[in-house]
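Visitor: I would like to learn how to read this model. Shall we take it feature by feature?

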Amino acid sequence: MEKKKCPQCKNLILKTSPTCLYCGRPNKFITKEYVNKKWNKEYSNNVFDYIFINKYLVFFLLLIFTIVIIIYN
């Protein structure tokens, strides 16, 4: 793993760590753009829609399966 010096306390930290372990200063790559990309509201809506559609699909298949069982019994 690559390490770099923290600009504030000068201790070595990993480049992939989000903050310095010694002073708590955030690493350079955590910016407003990074946070917006990670917690994008459009992405959250897409995940919700995906789960919502899958629930209806499962319900529909279960309903068809139940009707088929009732008809053939």
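Visitor: What does the side chain of Ser17 reach at 3.4 Å?

Guide: A polar contact is a pair of N or O atoms within 3.5 Å; within protein, one must be able to donate a hydrogen and the other to accept it, and residues adjacent in sequence count only if both atoms are side-chain atoms. Here the side chain of Ser17 reaches the backbone oxygen of Thr19 at 3.4 Å. A polar atom of the Ser17 side chain also lies 2.8 Å from the backbone oxygen of Leu14.

Visitor: What should I know about the source of these values?

Guide: This is a predicted model, where local features need pLDDT of at least 70, side-chain atom pairs count only at pLDDT 80 or more, and totals for chains, interfaces and linings use all residues. Residues are numbered from 1 along each chain as its sequence is written, and side-chain values use heavy atoms, with hydrogens and water left out.

Visitor: Where is Ser17 found?

Guide: Helices (H or I, at least four residues) and strands (E, at least two) are DSSP runs, numbered from the N terminus. Ser17 is in the loop between β2 (12-14) and α1 (32-38). The protein chain has two helices and two strands, in the order β-β-α-α from the N terminus.

Visitor: Is Ser17 buried or exposed?

Guide: Buried means under 20% relative accessible area, exposed over 50%, partly exposed in between (1.4 Å probe, protein chains only). Ser17 counts as buried because its relative accessibility is 14%. Of the 73 residues in the protein chain, 7% count as buried.

Visitor: And Leu12: buried or exposed?

Guide: Leu12, in strand β2, counts as exposed because its relative accessibility is 53%.

Visitor: Which residues is Leu12 in contact with, leaving aside its neighbours within four places in sequence?

Guide: Contact means heavy atoms within 4.5 Å. With those neighbours set aside, Leu12 touches Lys3, Lys4, Lys5 and Tyr22. The C-alpha atoms of Leu12 and Tyr22 are 9.3 Å apart, with the two residues ten apart along the chain.

Visitor: Which residues form the nonpolar patch on the surface?

Guide: Like charges are joined within 9 Å, nonpolar side chains (Val, Leu, Ile, Met, Phe, Trp, Tyr) within 5 Å. Here the members are Leu57, Phe59, Phe60, Leu61, Leu63, Ile64, Ile67, Val68, Ile71 and Tyr72, with about 1000 Å² of accessible area together. Areas come from the Shrake-Rupley method with a 1.4 Å probe; for residues, only the protein chains shown count as cover. Val68 sits in helix α2 (residues 41-72) and counts as partly exposed, at 36% relative accessibility.

Note on methods
Patches are made of residues with over 30% relative accessible area and no salt bridge: like charges are joined within 9 Å, nonpolar side chains (Val, Leu, Ile, Met, Phe, Trp, Tyr) within 5 Å. A salt bridge is a side-chain nitrogen of Lys or Arg within 4 Å of a carboxyl oxygen of Asp or Glu.
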